[in-house]
Amino acid sequence: MGENADQFVVYIVSDSVGETAELVVKAAVSQFNGSGLEIRRIPYVEDKGTIHEVVMLAQKAKALIAFTLVVPEMKEYLLACASQAKVETVDIIGPMLEKINDITQEKPRYEPGLIYRLDEDYFRKVEAIEFAVKYDDGRDPRGIILADVVLIGVSRTSKTPLSQYLAHKRLKVANVPLVPEVEPPEELFKISPKKCIGLKISPEKLNGIRAERLKALGLKSEANYANIDRIKEELMYAEEIMERIGCPVIDVSSKAVEETANLISSMFRRA
């Protein structure tokens with residue numbers, strides 16, 4: 001396909017966007033110095049009338065049809081039309097589907113555009129992770145209104161790791177620490193109690209966690225932060241706030257983060 005070659009036309013026929021087929025065609029043509037290539041993309045093909053029309057256009061232009069049609073009926077119709085019109089075709093995705101089917105013995109779903117739905121799922125996850133970082137530890141009370149889930153509890157009840165874990169399940173989570181000397185954000189009392197989850201823990205368990213935290217920071221474990229009386233005061237205060245809100249409460253004393261996250265995500269199951 002040098003500079004003096006006739007224009008080479010490829011019709012891209014897809015029941016989705018058609019980007020996959022176009023990328024494959026361009027990659028192949030690049031091996032032939034593809035300066036004479038003209039690509040005509042026909043996306044979202046869902047009816048036989050469109051397929052027949054494209055085949056007739058390809059016949060007239062002496063073009064090749066490259067396609068990614070996952071619905072068997074549409075694929076078979078295209079192949080039959082093209083054969084009758086003596087138009088060459090290339091099935092971009094079919095052989096891969098067949099090979100995976102042979103190996104796994106699982107049937108394809110035959111749903112157009114699934115890859116883009118997967119991409120959408122990925123971006124929703126990234127958005128949720130960024131949300132969790134932005135509204136961590138009560139940094140901005142506006143996040144309480146915007147969140148899917150709001151976690152409340154005293155320090156070291158796994159609010160931050162829980163927020164991140166739930167973000168990977170596409171839930172936007174804000175978390176708010178409860179401290180006796182600090183009035184909770186008024187937004188906590190404006191949202192639905194069902195959207196808020198209180199995290200409680202036994203004083204002994206929290207004492208051990210906080211003592212280890214102080215040790216890791218090179219501080220003395222006798223600090224007020226790990227004092228058992230102070231801890232009981234904080235937990236009593238947190239319990240009062242949770243009762244005022246009327247939100248569900250989960251005891252995380254003997255639960256791993258993953259276990260608590262799975263419990264919460266089942267309460268906020270997304271479609």
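The largest nonpolar core here has 36 residues, and those with the most contacts inside it are Val149, Val150, Leu151, Ile152, Leu188, Ile197 and Ile264. A nonpolar core is a set of buried Ala, Val, Leu, Ile, Met, Phe, Trp, Tyr and Cys residues joined through side-chain atoms within 4.5 Å. Please keep in mind that this is a predicted model, in which local features need pLDDT of at least 70 and side-chain atom pairs count only at pLDDT 80 or more, while totals for chains, interfaces and linings use all residues. Residues are numbered from 1 along each chain as its sequence is written, and side-chain values use heavy atoms, with hydrogens and water left out.

- A second, separate core has 18 residues, including Val9, Ala63, Cys81 and Ala85.

**Strand E5**

- How many residues of E5 are buried? Five of the five are, so E5 is largely enclosed by the rest of the structure. Buried means under 20% relative accessible area, exposed means over 50%, and partly exposed lies in between (1.4 Å probe, protein chains only).
- Val149, Leu151 and Gly153 point one way from E5, Val150 and Ile152 point the other way, and all are buried.
- Isoleucine 152 touches Lys159, Val176, Leu178, Leu188, Cys196, Ile197, Gly198, Leu199, Met242, Ile245 and Cys247, leaving aside residues up to four places away in sequence. Contact here means heavy atoms within 4.5 Å.

**The four-stranded sheet**

- The strand order in this open sheet of four strands is E6-E5-E7-E8, with parallel pairing. Two strands pair if DSSP finds at least two bridges between them.
- The edge strands are E6 and strand E8 (249-251), each pairing on one side only.
- From one strand to the next, the twist averages 25°. Axes are lines fitted to C-alpha atoms, for helices over the stretch in contact, and angles run from 0 to 180 degrees between N-to-C directions.
- Three bridges join strand E5 (residues 149-153) to strand E7 (residues 196-200), and the two run parallel. Isoleucine 152 has glycine 198 as its bridge partner in E7.
- H7 packs on the sheet, touching E5, E6 and E7, and its direction makes about 175° with that of E6.
- E5 and E6 also pair in the parallel sense, over five bridges. Glycine 153 has proline 177 as its bridge partner in E6.

**Salt bridges**

- The structure holds 14 salt bridges. A salt bridge is a side-chain nitrogen of Lys or Arg within 4 Å of a carboxyl oxygen of Asp or Glu.
- One of them joins the side chains of aspartate 91 and lysine 75 (2.9 Å, N to O). Aspartate 91 lies in strand E4 (residues 89-91) and lysine 75 in helix H3 (residues 72-84), so the pair ties together parts that are 16 residues apart in sequence. Aspartate 91 and lysine 75 are both buried.
- Lysine 172 forms a salt bridge with glutamate 127, with the closest N and O atoms 3.0 Å apart. Because lysine 172 lies in the loop between helix H7 (159-167) and strand E6 (173-177) and glutamate 127 in helix H5 (residues 114-134), the pair ties together parts that are 45 residues apart in sequence.
- Lysine 172 is partly exposed, with a relative accessible area of 23%, and glutamate 127 is partly exposed at 39% relative accessibility.
- Glutamate 234 forms a salt bridge with arginine 210, with the closest N and O atoms 2.8 Å apart. This pair links distant parts of the chain, since glutamate 234 is in helix H9 (residues 228-245) and arginine 210 in helix H8 (residues 203-216), 24 residues apart. Both glutamate 234 and arginine 210 are buried.
- Salt bridges that share partners join Glu181, Arg210, Arg230, Glu233 and Glu234 into one network.

**Cysteines**

- Counting a disulfide as a pair of cysteine sulfur atoms within 2.5 Å, the total comes to zero disulfides.
- Cysteine 196 is in no disulfide, and the nearest cysteine sulfur, that of cysteine 247, is 4.1 Å away, which is too far for a bond.
- Cysteine 196 is buried at 0% relative accessibility, and cysteine 247 is buried with a relative accessible area of 9%.
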